[in-house]
Amino acid sequence: MLFLLYQEGPSTKGIFRRSGSAKTFKELKEKLDSGTEVDLARESIFVTASLFKDFLRNIPGSILSSQLCDKWVSVLDQGNNEEKIKSIQRLIEHLPRANVVLLRYIFGVLHGIEMRSEENQMNAFNLAVCIAPSLLWPPVSSTPDMESEFIKKITSLVQFLIENCCRIFGDEITSLFGDI
């Protein structure tokens with residue numbers, strides 16, 4: 001999924017914003033969940049993007065770890081960008097290795113899409129609005145007002161992560177998928 005999103009996302013207007021066919025999504029999700037081989041390259045990239053967001057939402061405790069939720073949402077309250085980046089890097093060190101590897105690939109894809117935002121209309125803010133709720137959620141449910149405030153904070157955090165991903169994850173993030 002990530003490879004296809006890396007390949008097609010930068011040239012796809014509204015990637016992650018538009019959803020694909022609900023019927024196709026449901027059928028593919030059932031096939032993937034049952035372990036059936038699926039050729040996503042034959043499907044709409046919007047269905048693949050929806051499947052990927054669904055995959056992220058189903059990671060127990062979220063990829064950024066709901067246990068660290070308060071620390072994540074307070075990162076942007078810290079001093080300058082350098083201090084924010086250092087805090088983010090320290091938080092990343094507390095995540096399981098598999099989460100860190102997946103995060104690097106996710107932000108490699110998002111960076112590639114954002115670099116061509118004039119073509120695809122998905123700048124860092126638009127990407128963050130679409131993907132942030134799939135990356136982190138609070139460990140306990142809350143009121144709609146608190147949830148709305150949380151989504152604003154996590155969206156700002158994800159926008160910052162996209163805009164600074166090379167400094168956070170290293171410049172090699174731009175070449176994780178090799179030359180296509």
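Where is the place of N123?

Reply: N123 sits in the loop between helix 7 and helix 8. The model is predicted, so to speak with care, local features need pLDDT of at least 70, side-chain atom pairs count only at pLDDT 80 or more, and totals for chains, interfaces and linings use all residues. Residues are numbered from 1 along each chain as its sequence is written, and side-chain values use heavy atoms, with hydrogens and water left out.

Start with the word helix. Helices (H or I, at least four residues) and strands (E, at least two) are DSSP runs, numbered from the N terminus. Helix 7 spans 117–120, and helix 8 spans 124–135.

Now look at N123 itself. N123 is partly exposed because its relative accessibility is 32%. Buried means under 20% relative accessible area, exposed means over 50%, and partly exposed lies in between (1.4 Å probe, protein chains only). Leave aside neighbours within four places in sequence, and N123 is in contact with E114 and S117. Contact means heavy atoms within 4.5 Å. K71 is 52 residues from N123 along the chain, and their C-alpha atoms are separated by 25 Å.

Q121 is also found in the loop between helix 7 and helix 8. Q121 has a phi near 60°, a positive value in a residue other than glycine. Q121 counts as partly exposed because its relative accessibility is 39%.

Next, follow the chain into helix 8. How do two packed helices get described? The angle between their axes and the distance between the axes are used. Axes are lines fitted to C-alpha atoms, for helices over the stretch in contact, and angles run from 0 to 180 degrees between N-to-C directions. The axes of helix 8 and helix 9 come within 8 Å and cross at roughly 120°. That angle is why helix 8 is oblique to helix 9. Angles under 35 degrees count as roughly parallel, over 145 as roughly antiparallel, 65 to 115 as roughly perpendicular, and the rest as oblique. This crossing of helix 8 and helix 9 is right-handed. A crossing is right-handed if the near helix is turned clockwise from the far one by less than a right angle, and left-handed if anticlockwise.

Which residues meet there? On helix 8 they include A124, F125 and L127. On helix 9 they include I154, T155 and V158. The residues of this contact of helix 8 with helix 9 divide into 11 nonpolar, two polar and one charged. Ala, Val, Leu, Ile, Met, Phe, Trp, Tyr, Cys and Pro count as nonpolar, Asp, Glu, Lys and Arg as charged, and the others, Gly among them, as polar.

Helix 9 also packs with helix 5, at an angle of about 100° and with the axes 12 Å apart. Helix 5 and helix 9 are therefore roughly perpendicular to each other. N81, K84, I85 and I88 in helix 5 meet L157, F160 and L161 in helix 9.

Last, the core. A nonpolar core is a set of buried Ala, Val, Leu, Ile, Met, Phe, Trp, Tyr and Cys residues joined through side-chain atoms within 4.5 Å. The largest one holds 59 residues, and F16, W72, I106 and F107 touch the most other members. Helix 5, helix 8 and helix 9 are among the elements that give two or more residues to this core. Its largest share, eight residues, comes from helix 6.
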